[in-house]
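The sequence and model come first.

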Amino acid sequence: MTTAPELSVVMPIYNEQDALPLTVERLRPILDGLGVEYEVVGVDDGSTDATPLQMQKIRQDWPEFRIVRFSRNSGHQAALKAGLHRAFGDYVVSIDADLQDPPEKIPEMLELARERSLDIVYGVRGDRGTDSFFKRRTAGGYYWLMRKLVGKRMPNQAGDYRLLSRAAVDALKTMPEHQPVYRLLVPWLGFPSGEVVYVREERVAGATHYPIGKMVHLALDSVTNFSAAPLRLATWLGLGSFLVCLVLGAYTAIEHAIGNTVPGWSSLFIGMLFIGAVQLICVGLLGEYVGRIYSAVQARPAYFIGYDSAEESAAAEAEKLSDCVR
Ligand code: UDP
Ligand code: MG
């Protein structure tokens, strides 16, 4: 491709031999109808079924379909990362390969982003009626916790179906995380954003690749990516048990004074309480330092500049200059 396409569609694909042909069938007319140059970046996350073959076939009569293949299964977020890093488009939409995210919303997202000069358009799930009760409850808990960590900037029920501008993608590319959790990182950028509501459809074919183990993994990644709170748990427990130690210490002293105790019990009991509390506090202190080391190693950029008047005047100058030359 000589010039950058206006739109890239990034699609992580893992063992989707049944769903992929149906997805392509629905996606292609929509993208063709947009009237812009586009590419689809299909990231094959180390599929072990007929998916790689199918992708080759799709590419044969759809030149806009690019194939990026992992050598082994590395997970949904890793596939998203590769897709975002390799996409050329001015706008990048990420979408699942199982038609749970309706591709019909892509034109709406693009229009909203252009109209209001937005950097992010979230696909927000208006209705999860097609998800199982279990999935809805766990997802509800997950989003509640994540909004506590990232703040209200994170829209409720926004998954990985979203549009990003080139500026947002470039900002994400500067993130040094090895295992980025984009649904948290994107709101954390704080770029101008909008929302498009959609109905989460039923998976068109095949089964979910997010069993409970992967869901727990994603939740753990999300929490540890954004918060040192779990490390601080030991400090709070330590302080709590120190207070309990004081109360129980007083109680033991009274019992001892009354002569209500077996010889040796008081000293052992107080010693045990005290050492337990001190140990927890020390672990908590270590945790505080580990937390700080972690965020230093993460080395996230401290800020992103949304506007600089100097750049604007420089651009105006350049325009004037080019007018003069003409
Ligand atoms: N996926 C992937 N690698 C994985 C698991 C899933 O690339 O290890 C892709 C999958 O092909 C789909 C998207 O990520 O396009 C979402 O996965 P899935 O539909 O299984 O998750 P769910 O929608 O059930 O949460
Ligand atoms: Mg799915």
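The space taken by ligand 1 is the largest pocket. On a 1 Å grid over the protein atoms alone, a pocket is an open set of points with protein on both sides within 12 Å along at least five of seven lines, and a molecule sits in one if more than half of its atoms lie within 2 Å of its grid points. This is a predicted model, in which local features need pLDDT of at least 70 and side-chain atom pairs count only at pLDDT 80 or more, while totals for chains, interfaces and linings use all residues. Residues are numbered from 1 along each chain as its sequence is written, chains are lettered from A and ligands numbered from 1 in the order in which they are written, and side-chain values use heavy atoms, with hydrogens and water left out.

**Ligand site**

Ligand 1 is surrounded by 19 residues, the closest being Glu16, Asp45, Gln100, Thr208 and His209; a residue counts here if one of its heavy atoms lies within 4 Å of the molecule. The table lists polar contacts of the ligand, meaning pairs of N or O atoms within 3.5 Å. Within protein, one atom of such a pair must be able to donate a hydrogen and the other to accept it, and residues adjacent in sequence count only if both atoms are side-chain atoms.

| Residue | Protein atom (N or O) | Distance to an oxygen atom of ligand 1 |
|---|---|---|
| Asparagine 73 | side chain | 3.2 Å |
| Threonine 208 | side chain | 2.6 Å |
| Histidine 209 | backbone | 2.5 Å |

Taken alone, ligand 1 exposes 530 Å², and the protein buries 95% of that. Accessible areas come from the Shrake-Rupley method with a 1.4 Å probe; for residues, only the protein chains shown count as cover.

**Arginine 203**

Arginine 203 lies in the loop between strand S7 (193-199) and helix H8 (212-226). Helices (H or I, at least four residues) and strands (E, at least two) are DSSP runs, numbered from the N terminus. Arginine 203 counts as buried because its relative accessibility is 19%; buried means under 20% relative accessible area, exposed over 50%, and partly exposed in between (1.4 Å probe, protein chains only). Its side chain makes a polar contact of 3.3 Å with the side chain of aspartate 98, and a polar atom of that arginine side chain lies 2.9 Å from the backbone oxygen of alanine 205. Leaving aside residues up to four places away in sequence, arginine 203 touches Glu16, Asp98, Gln100, Thr208 and His209, where contact means heavy atoms within 4.5 Å.

Arginine 66 is in strand S3 (residues 65-69). The side chains of arginine 66 and glutamate 39 form a polar contact of 2.8 Å. Beyond four places in sequence, residues touched by arginine 66 include Val40, Arg59 and Phe88.

Threonine 252 belongs to helix H9 (residues 229-258) and is buried, because its relative accessibility is 0%. The side chain of threonine 252 reaches the backbone oxygen of leucine 248 at 2.5 Å. Contacts of threonine 252, not counting residues up to four places away in sequence, are with Trp265, Ser266, Phe269 and Ile270.

**Positive phi angles**

Asparagine 15, in the loop between strand S1 (7-13) and helix H1 (20-33), has a positive phi near 45° although it is not glycine. Serine 117 has a positive phi near 50° and lies in the loop between helix H4 (106-115) and strand S5 (120-127). With a relative accessible area of 56%, serine 117 is exposed.

How values were computed. 1 Å grid on protein atoms, 1.4 Å probe; cavity = no way out; pocket = protein on both sides within 12 Å on 5 of 7 lines; lining within 4 Å.
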